[in-house]
Structure formats: C-alpha cells, structure tokens
There are 2 protein chains.
Amino acid sequence: MSMGYSVAVVGATGVVGEELLAILQERQFPISELRLLASARSAGLEVEYQGKILQVQEARPEAFDGVQIAFFSAGGSVSQALASTAVERGAVVIDNTSFFRLDPEVPLVIPEVNADDLGSHKGIIANPNCSTIIIDLVLAPLHHAAGLKRVVLSTYQAVSGAGIKAIHELEDQVKDYAAGKEVTAKVLPVSSAPKHYPIAFNLIPQIDLFEDAGYTKEEWKMIRETQKLLHLPELRITATTVRVPVLRCHSIAANIELEQKLSAAKVQEILSQAAGVSVLDDPSQQLYPMPIELSGCDDVFVGRIREDNSSATGINLWVVGDQIRKGAALNAVQIAEELHRRGLVKI
Amino acid sequence: MSMGYSVAVVGATGVVGEELLAILQERQFPISELRLLASARSAGLEVEYQGKILQVQEARPEAFDGVQIAFFSAGGSVSQALASTAVERGAVVIDNTSFFRLDPEVPLVIPEVNADDLGSHKGIIANPNCSTIIIDLVLAPLHHAAGLKRVVLSTYQAVSGAGIKAIHELEDQVKDYAAGKEVTAKVLPVSSAPKHYPIAFNLIPQIDLFEDAGYTKEEWKMIRETQKLLHLPELRITATTVRVPVLRCHSIAANIELEQKLSAAKVQEILSQAAGVSVLDDPSQQLYPMPIELSGCDDVFVGRIREDNSSATGINLWVVGDQIRKGAALNAVQIAEELHRRGLVKI
C-alpha cells in the first residue's frame, strides 16, 4: 500500500466483499490505505490483505473521512443509510446493492458495455445485478451488430447469489442427504420470506421477493437494468429466474430475436471479439460452458450458439459466468479502474 | 391376473419398466398374463408383481406369441429389432423409445391431447419423449383457447431421463463430495459419447447426442414431436435442453406467444380445467411447482403464470412433471387404457 487511493470496503466479510479484496490484490489496484468496514457485529474481525492483518471496523459515518473510493456490498439498507454520507465526505461510491440502480441520477455500469456513462456520475455508481451483468455482456455486442428485437431469458442461478449462508445451506443439505439425515432449509429462497425450501436435488423458481405482475424482484432487475444500461428503455425483454443446486456460477438460456439476421457463425465471430466474453462452442467436441468448470474465471462464457428454428432472425445461446467475480466483485473493481483511468475520482 | 389382456413388458428391469409395472398394478389394468422381457443379460432375474414372483425372460420373437399388448422400453435398437415382430404375432406395441415417433404411419399420443389419433394405428403406437409430454399437456389447452404463435422452451431435466445409471451417478457424486473424495463421471451427458462430465453442482447443456444445426437430439424431439402430435407441422417452437442435478422431475421454463391475448387469470383458469394438469400458483404463499415436492405425482404442475411484459400476447410459465411417470410409464399405460376403452386391441 503505497501510491494510490484511500479505499473503503463496506461489507468486507461477506462473499462479495472477500472476493473484492482478492481481486483488488490480484489486479494490483493502486491503494494507499484500505479500510474494511462492516456491521457492528463483524467489527473486530481480522482479515489478511497483502500479508498484513487488517481489523474490520464498524461502518459509521466517520469511517469514511478521507476515503476516496468506497465499495458498498452490505445490503441495500446499508447503502441507503451510508452511501450519501460517504459521498458528502468526499468518496466515490461503487454500490453493489440494488438500492440506487434505477435512480436516473446514478450511472449503472458494465465497463465493457457503457463505461462512458461514468462521466456523468454524481458520487454514486451502481454495479448491476449479477445476472444482468452476465447476459448484458453478450447482449450489447449483438445489439451493436444487428439490433435487439426481443429477448427471452431463463436463468439457472447458483446459491452464491443468496450469500454465504445459502452456499453453506446447499453444502449442508448435500452432506445430510449423503449421511441419510433429514434435510433442513432455513435460507432459500429468501432469508426473510416465511417459507424455506431445500435446494439440494431441487429447483426453486423464486429468486428474491415477489413484486408486481407475478414477477420476482430478480426478474424485474434483469429487465429494467438491461433497459437502462443498454440505453434501450423500450427493449422487449422478459425473464424467468430459477435457483439451482450449483455453488457459484450463474447460467442463462437466452433466446434473442434480432432486427437483422445474423448466422450462428457470425454471432460466434462477434462474441469472440467482444470484451469480457469467451466463446466455448464446439458440439463435435462436446464443448460448451458449464458452471463447475468456470468458477473463478473472469470472462463470461457462451456456447450452444444456434440459429433459432422458430424465428427468421432469432438466436439461441447458453451463457455461464462466475456470479461472484464478473457478476459482482470484478465488475465493481473494473468500475474503479475505469474511474481511475478517466480521472473521475477526486484526489 | 384373471380377465384381461396378455401383456408383455420389454425392458422390465429398467427405470421406466419398473415404474410401468407399478402403474399397471396401481391402476388395475386388466391383465390375464404378464410376460417380463429383457435382454439376455437380465433373463432369469425375478420381479414381484401383485404378490407373485415372475421371472424375466429373454426378449426373443417367440416370446410375443399370444401377446396382445406389448410395452417396449428397452432402447431404440430393441424396438427396431422386435416391435414389428410383436405386431406380426398379433400384439399392439406401445413403444417408449424414439424409434417410431416421427414415422407418419405411427400415431404419437398423449391421451389427454390427441387420443383420437389412436384410431389409425397399424399396430405400433409411440409414446412421446418425456419433456414433450410434460410441455404439450400445457400447450394443447392454450392452443385450443387462443392459438399458439411461437413457443420458446428452456428445460431443467432430471438425471432419471438418462436411466438408472445416471441416477446412481448423481447420488454417488454427491456422496463422494460429502466424503471429500474426488468426483468421477462415466455416464452423463450420454453414455456412448466420448466425454463425461459431473452433474453434481453442475449443469450440462447437452441432452442426448448433437444433431444438425447445433441442436441436440432432445431439442429436435421436443420441437418435432410437438409439431406432430398437436397437428401443427409449421408451429414455431424452439428449445434449449439442459441436464440439472435433480433426481426425477423435469422442469421447463416456457415463453408462449399466443395468437390472441389471454390474461394470466384466464390462463390459470384454462389450465386448472385441463386434463392431466394441476395449477400450483400463488406467489403470495410462495406456491409454485418444485421437483422434490412432485416426484411420484401423476399430473403435470404449472406455476409462475405471468403475462409476458415483452409481448402483447405472451405468457411466461413454469412447468414441472415427473419424468418417469407422466413423462414415460404413466402415459404408456394411459395409452393402453385408451386402446382398451376404444376396443382397439385385437382380442
């Protein structure tokens, strides 16, 4: 920690917070001072960063004095309570919660897709929903090439999206099953919801709480965040989001109708050249993206690229991305890197 | 076994064969004589039926002498080799393999959907693919009410669809994981394919072998069988089929554009009245179909019924059905019941 920014990580002890610290180290983000913040409950915990032991402090307003970049990843209520305070005290906030994402004053950014939106920031930048990031990295280059006409998404989302307790819940259920014990559920689909269902050997077609028109919050996030960050407020896009017994990669089956026809080969070519996207697609070699092979990878992987037999301009594809990395922590760090590159952080 | 038909079950020791025997008993199908047939390898095995021990015999041409109804569930090559022989010797064949399904001379039947097609049978009736049965029970009533314009399917298919070895493979992988052992894969996605991948904590976007245009055989089955049995050869329907770590229910996220608009409430009403379909749909109670709750059920369950925000006449829904029962064995027995009711079996 020498030349660089004073950085705070709020929610440092969560799944995304831990990954954020790992990625800041990996990518050698310029940091002069690192403050690990969390709830009063986690204050006092110790975390290693670049060989040093750092103590977690309680996230109070004073903790942001002198901070230049603050990553928030401790839930919407914490962002609501403290993000503006951090900005008032001079920080740029990169918020991983959904609290500010649809605020017209707040840029919602995937650096490979709409980095220019950072220019208008007023102190807070929102990191999109994990599934949104993963699919929009693929939708953006296809939109630029041929225009998006309509998008139908079905997701297969890992338990990591519901936090460390959900990861442990799946692991525990599998162990209990193997030991012949009764399986219990306390976390999924939503900790705060009245009913909990097992995820081992199951699928739960509810991610986050239900909102209007029978859609879950997760489904509206994918729809509205995509419309905002692709600058296509009228984009026809729908989603069904489903939790699956997978540990940390989200997968998405996407049916995409384009304005102009693209062959499968052309789509493969476009996506091969897209930033943040890797094509893994060779049926003759049984090559396609699978969650267990891609955990820990930075790119979003696309396979099963096929012309849609039901539509003159449709494409079917299968997308897999690490929900904790590109779906959350990596994208947040890339936003910070882009702010740095563009001189958009107050020194 | 008193008044009734002489029935043969070919593939009596497989997952579907066992379920078939259970369902014949449960539904008290009229049987005077039951012959259990299988490969030479399984000959001599003993199986209990209604308290009696029956010995499995090798499925040779002579074994069909005197048989009136023969269920085939021992793979396409066995049906290819022996179904016509069984018919020549006087049996009606109800074939659970894909071998005859697209043959224009062979009716492909879901009794609740197109029982009248049985009238034209020439000795062989094909039982549709499991995923096809599950989704078509839902598509048929919607088509009758408002016309199908275009259908986009994403499946979440249980390991049972790949047979008993795949069920054991998932169970073994989970036990090995829980014991901290290395997980091995020898069966999925397709036994005969060169590469095998773990299914525990994973998703495999390949079901059956790859065919033309980048689609798998399973995907083409869902498309072409649906077109045939709904009598809609030009129906616009596409599919992405994915294996998930679930033991025996298949799930499907369906996006259905209709010719005429139906409200979500109307779709719920139509499906509530459809034969073989149960609606399980109340977001306020977190009520929706889930595989672990519906294993062993006869009906196909539908929930998450929503108007599609991306299409004026679209509907999103989530369908779950027991792949071994309605997706295979139950439908086959229901075909036999319908043949009996209509007097379409030679006495």
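Copies are superposed by least squares on the C-alpha atoms of residues with pLDDT of at least 70 in both. On that basis, chain A can be laid on chain B with an RMSD of 0.0 Å by a turn of 180° and a shift of 0.0 Å along the axis. That is the relation of a two-fold axis. This is a predicted model, in which local features need pLDDT of at least 70 and side-chain atom pairs count only at pLDDT 80 or more, while totals for chains, interfaces and linings use all residues. Residues are numbered from 1 along each chain as its sequence is written, and chains are lettered from A and ligands numbered from 1 in the order in which they are written.

Consider chain A by itself. Helices (H or I, at least four residues) and strands (E, at least two) are DSSP runs numbered from the N terminus; chain A has nine helices and 14 strands. The radius of gyration, taken over C-alpha atoms, is compared with a globule rule of 2.2 Å times the number of residues to the power 0.38. For chain A the radius is 20 Å, close to the 20 Å that the rule gives for 347 residues, so the chain is as compact as a globular protein of that length. Along the principal axes, its C-alpha atoms fill a box of roughly 60 × 55 × 40 Å. A residue is buried if 20 or more other C-beta atoms lie within 10 Å of its own, exposed if 12 or fewer, and partly exposed in between, with C-beta atoms placed from the backbone. Buried residues make up 57% of the 347 residues in chain A.

Strand 9 (residues 148-156) of chain A has eight of its nine residues buried, so it is largely enclosed by the rest of the structure. Two strands pair if DSSP finds at least two bridges between them. Strand 9 of chain A pairs with strand 11 (residues 249-258) of chain A in the antiparallel sense over eight bridges, and with strand 10 (residues 237-240) of chain A in the parallel sense over four bridges. Val151(A) has Ile256(A) as its bridge partner in strand 11 and stands opposite Ile237(A) in strand 10.

Where do the chains meet? Two residues are in contact if their C-beta atoms, placed from the backbone, lie within 7 Å. The contact takes 53 residues from chain A and 53 residues from chain B. On the side of chain A that touches chain B, the largest share, five residues, comes from strand 13 of chain A. Of the interface residues of chain A, 100% are also interface residues in chain B, so the copies meet through the same surface.

Ala213(B) gives a view from chain B. It lies in the loop between helix 5 (164-178) and helix 6 (217-229) of chain B, and is partly exposed, with 13 other C-beta atoms within 10 Å. Leaving aside neighbours within four places in sequence, Ala213(B) is in contact with Arg306(A), Glu307(A) and Asn309(A).

Chain B also holds an open sheet of six strands in the order 5-2-1-6-7-8, with parallel pairing. Strand 5 (57-58) and strand 8 (124-126) of chain B stand at the edges, each with a single partner strand, so one side of each is left without a neighbour in the sheet. Within the sheet, four bridges join strand 6 (residues 69-72) to strand 7 (residues 92-95) of chain B, and Ala70(B) has Val93(B) as its bridge partner in strand 7.
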